[in-house]
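Open the model in your viewer and keep the selection tool ready.

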Amino acid sequence: MEESVVTSGNRGTGPETEPQKVRRTSSWKKNMWGYLFLVPAIVIFIIFLWLPILKGIVYSFYNVDFVKGNTFVGLDNYVKIFNNPDLWLSVKNTLYFMFLTLIIGFWVPIVAAIAISELKFFQGFARIAAYLPFVVPGVVLYGMWRWMYDPVGPINALLGLFGVEPISFISDGRFSMISIVFMETWQQFGSAMLIYLAGVLSIPRDWYEAAEIDGAGVWSRIKYITLPAMRSLIVLMLILQIIGTSQAYQSQLALLDGGPNKVTLTYALFTVKYAFTQLDYGAGTALGVLMFIVLGILGVIQFKMNREDY
Amino acid sequence: MERGILSPADLRKPGNKIVYGIMVLGIAIMAVTMLYPILMTMFNGLKSNPEINTFPPKFFPTTWHWENFSKGWNYIALPVFLKNTVFIFLGNLFMTILVLGLAAFSISRIRVPYSRLVYFFILLTLFIPATSYMIPNFVNLKQLGLLNSYWAFWLPAGANAYYFLLMKNFFDGIHPEIFEAARIDGASELTSYLKIAVPLSVPIFATLSIFIFSTAWNDWFWPSLVMHTEDKYTLATAIYKYVINARSLDSSIKFSILFMVMVPPIFVFLGFQKFIVRSVSLTAVKG
């Protein structure tokens, strides 16, 4: 049997970089196995992924009732959600949450990665310490940080040393969202830090050497070599963070159930509550369709970038 | 690696020395901030209940209450929830390797006509944010009559485009000559997959196992919707319902349970660091 194309050594590259190969297949038996291997995946993707996605679009025009059956209601679900003032509140809260995660959380892993890459000793320990919170399960995180944020907890004890009166970080509406952002940054920045660290360490050392000989100081080396070299990685992480934080609801649900006074009611939580508290699946799916339209655009941008980078 | 951004000469300048010192101090503070809540969860689980609520909080327990752990273990049916979680983990792993692995192998190594079409059919789902079809997904499972059954986790585990992509990329890197040789020797494609591709792909399966383990271990919201009787709850769901939201549970018992739930993932992390660092860099490519 003769093979017309031989591929090798493209491990770790994206699928898009691989040029399409036309291969002369000489065996019917081989094709039969090939199709046989694809069938289970195709069936499962249709039933458990494409079907829900399409049902989502269809049911946004229906009143979903498991007992009496579904009835077509036209645009009623959309009219209902647009007339609900909580929709705009939840969009506002989500944007506020995304904004906070950017200013509080986004730069932390970049700075930490550059700093840790310069450590001469204990670099491995610093890496492990930074990443360890990431493996803490969500439910443990909530129990842990409820106590950390307690009016008689350790954070208030620390602030008390500076004469600050105890603050109810979680239940005081002014601090609720910020407290969630700090908690999630604590948990998640280590994983982003490891990605950036790999980026920092892949920059050739002799670039710094050359810059130093040309008289560039430490800050200009960071500004003109390190950060530009990581530019595409930083932009990619930014898009991933925006896609991720725009769908956030679990911490808000677990710690506060969207309260106090709906200040932590994010868009995704609003969707979840429509479906699983009010049992209005039609309106819930309509909210999902709207989210899909907005995030789909971001997804395409990210895909375009991935294509350039990998 | 001889030097980083800083060269040895830089560090001899006093100004840089101070900045470097501040940086090291900053990293030390970060490390303490990272480890403190984790250690406190452990030590709080060993304190007496009144001691946890003293202000300011103490780090070490004054008396060590080891019995908190046996009380915590018996407070809810942890072994049952643990069994459910392990069930879901193993089933999901099996489905991933069987369904997604075979499809990835076919697209990467067999390349039947129109396989590109199937490839895009799978990959397209990466661009659809999971939260946007969470509710129809639930409705779909309900209509299929899969609620409150492990199949509601096992079957959809075969519909993960991201894991598919990871395996496909890995199979792309295996030298095709090996499969040619097997083919000439009369091995069927299934034998090629099971006897050659699977043993050569242990690193990617290890990475996937870690992903699947952490999802099974950490997910609390979705299982709380899908499983609605107590005997089917996963560990995380049970902790959320009975420990986090408990009103009359002693804090010391609560922390001992939280600590027990946190220990396995920490050990998995420390034991499989190599694979985890790899898996983290893979998430950057994730959609």
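A salt bridge here is a side-chain nitrogen of Lys or Arg within 4 Å of a carboxyl oxygen of Asp or Glu. By that rule, the interface of chain A and chain B holds one salt bridge. Keep in mind that this is a predicted model.

**Stop 1: the salt bridge.** Select B:D10 and A:R221. Their side chains form a salt bridge, 2.7 Å from N to O. Now widen the view to polar contacts. Between chain A and chain B, 17 residue pairs are in polar contact, both residues at pLDDT 80 or more.

**Stop 2: the chain A side.** Colour the residues of chain A that touch chain B by class. Next, pick out helix 1 of chain A. Helix 1 gives the most to this side, with 23 residues.

**Stop 3: the whole interface.** Select both sides of the contact. Chain A brings 116 residues and chain B brings 121. How much area is buried between chain A and chain B? The figure is about 10,500 Å², and carbon and sulfur atoms give 74% of it.

**Stop 4: two domains in chain A.** Eight residues of domain 1 contact six residues of domain 2. About 560 Å² is buried between the two domains of chain A, with 70% from carbon and sulfur atoms. Select A:S60, A:V64 and A:F66 next. They supply 55% of the area that domain 1 buries against domain 2, more than any other three residues.

**Stop 5: what links the domains.** Look for salt bridges between domain 1 and domain 2 of chain A: the count is zero. One residue pair is in polar contact there, with both residues at pLDDT 80 or more. Return to helix 1 of chain A, residues 28-59. With three residues, helix 1 contributes the largest share of the domain 1 side that touches domain 2. That side has six nonpolar, two polar and no charged residues.

**Stop 6: annotated spans.** An unreviewed UniProt entry lists "transmembrane region" for several spans of chain A, including 33-53 and 224-243. Select 33-53: the span is 100% helix, and its end C-alpha atoms lie 29 Å apart. Then select 224-243: this span is 95% helix and 0% strand, with 29 Å between its end C-alpha atoms.

Note on methods:
Residues numbered from 1 in each chain as written. Chains lettered and ligands numbered in written order. Heavy atoms only, no water. Contact = heavy atoms within 4.5 Å. Buried area = accessible area lost by both parts, 1.4 Å probe. Polar contact = N/O pair within 3.5 Å; in protein donor to acceptor, adjacent residues only side chain to side chain. Helix = DSSP H or I, 4+ residues; strand = E, 2+ residues; numbered from the N terminus. Nonpolar A, V, L, I, M, F, W, Y, C, P; charged D, E, K, R; others polar. UniProt positions renumbered as here; feature names shortened; annotations may be inferred.
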